[in-house]
Amino acid sequence: MRVRLRDATPEDAAQIAAIYAPQVLHGTATAEEVPPDASEMAARMAKVRAESLPYIVAEQGGTVCAYAYLSRYHARAAYRWTVEDSIYVAANAQGCGIGRALLAELIVRADGLGLAQMIASISAQGGEASIALHARAGFVDRGRLPAIICKAGRWLDVVYMQRPLAAARNIAD
């Protein structure tokens, strides 16, 4: 079945929350421990959009099966050229190239915004597919912080990956 990428809308918030909830409750892709509801997801989407950053969904047969967005890596002004990506794919849609398509679209959009760097923060335990996805997209492993997340009674490492974008030249204004 064909997958269509498009900008997310507030009407997608319930489906986005449903994709995210299993990772919050049982996965390692997020350090969050309480699943946000649709209204909270809509508020988060609005915050991303207020920063003029992309928030996109993958739709298959009229149903949202994955979503991705960029967020500011750090609030301090000097970090304004750097963003962090987040990608979540529903369990029944994993392994079909949807994450790869979403990441590629985020990179294109980040380049279009004149950004310089993308960062990925990935749980080392359970995040092997995400690490491989990012490596295939040109991200480089920049290090690991051991045992910085404690979730479901176990300590998790976080791998940091970085990818330069088209604007990674000297930006000084």
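Biologist: Which backbone oxygen does the side chain of His-134 reach?
Modeller: In this predicted model, His-134 is found in helix α4, which covers residues 128-136. The side chain of His-134 comes to 2.8 Å from a backbone oxygen, and the residue that carries this oxygen is Ser-130.

Biologist: Is His-134 buried or exposed?
Modeller: Leaving aside residues up to four places away in sequence, His-134 touches Asp-85, Leu-103, Ala-120, Ile-122, Phe-139 and Met-161. Its relative accessibility is 2%, and buried means under 20%. His-134 therefore counts as buried.

Biologist: In what order do the seven strands stand in the open sheet, and which are the edge strands?
Modeller: The pairing in this open sheet is mixed, and the order of its seven strands is β1-β2-β3-β4-β5-β7-β6. From one strand to the next, the twist averages 25 degrees. Two strands pair on one side only, which makes the edge strands β1 (3-7) and β6 (140-151).

Biologist: Which strands of the sheet does helix α1 touch?
Modeller: Helix α1, made of residues 13-26, packs on the sheet, and its direction makes about 75 degrees with that of β3. Helix α2 (residues 38-50), for its part, lies across β1, β2 and β3, running at about 125 degrees to β2. The strands that helix α1 touches are β2 (55-60), β3, β4 and β6.

Biologist: How many bridges join strand β3 to strand β4?
Modeller: Strand β3 (residues 63-72) and strand β4 (residues 82-89) run antiparallel. Within this pairing, Ala-66 has Val-89 as its bridge partner in β4, while the partner of Ala-68 in β4 is Ile-87. The number of bridges that join β3 to β4 is seven.

Biologist: Which residue in the hairpin of β2 and β3 takes a positive phi?
Modeller: Strands β2 and β3 run antiparallel and are joined by six bridges, and in this pairing Gln-60 stands opposite Thr-63 in β3. The hairpin has two residues between the strands, and the residue that takes a positive phi, near 60 degrees, is Gly-61.

Biologist: How many of the ten residues of β3 are buried?
Modeller: Strand β3 is joined by bridges to β2 and also to β4. Strand β3 is mostly covered, and the number of its ten residues that are buried is seven.

Biologist: Glu-84 is buried yet has no salt bridge, so which is the nearest side chain of opposite charge, and how far away is it?
Modeller: Glu-84 has its place in strand β4, where its side chain makes a polar contact at 2.7 Å with the side chain of Ser-121. Residues that Glu-84 touches include Tyr-69, Leu-70, Tyr-73 and Ile-119. A salt bridge needs a Lys or Arg side-chain nitrogen within 4 Å of a carboxyl oxygen of Asp or Glu. For Glu-84, the nearest side chain of opposite charge is Lys-47, at 11 Å.

Biologist: What is the phi of Ala-147?
Modeller: Most residues other than glycine have a negative phi. Ala-147, which is found in strand β6, counts as partly exposed at 37% relative accessibility. Its phi is a positive value in a residue other than glycine, near 50 degrees.

Biologist: Is Ala-152 buried or exposed?
Modeller: Ala-152 has its place in the loop between β6 and β7 (154-164), and it has a positive phi of about 55 degrees although it is not a glycine. Because its relative accessibility is 75%, Ala-152 counts as exposed.

Notes. Residues numbered from 1 in each chain as written. Predicted model: local features only at pLDDT ≥ 70, side-chain atom pairs only at ≥ 80, totals over all residues. Heavy atoms only, no water. Pairing = 2+ DSSP bridges. Helix = DSSP H or I, 4+ residues; strand = E, 2+ residues; numbered from the N terminus. Axes fitted to C-alpha atoms, helices over the stretch in contact; angles between N-to-C directions. Contact = heavy atoms within 4.5 Å. Buried < 20%, exposed > 50% of the residue type's maximum accessible area, 1.4 Å probe, protein only. Lys, Arg positive; Asp, Glu negative; His and termini not counted. Polar contact = N/O pair within 3.5 Å; in protein donor to acceptor, adjacent residues only side chain to side chain.
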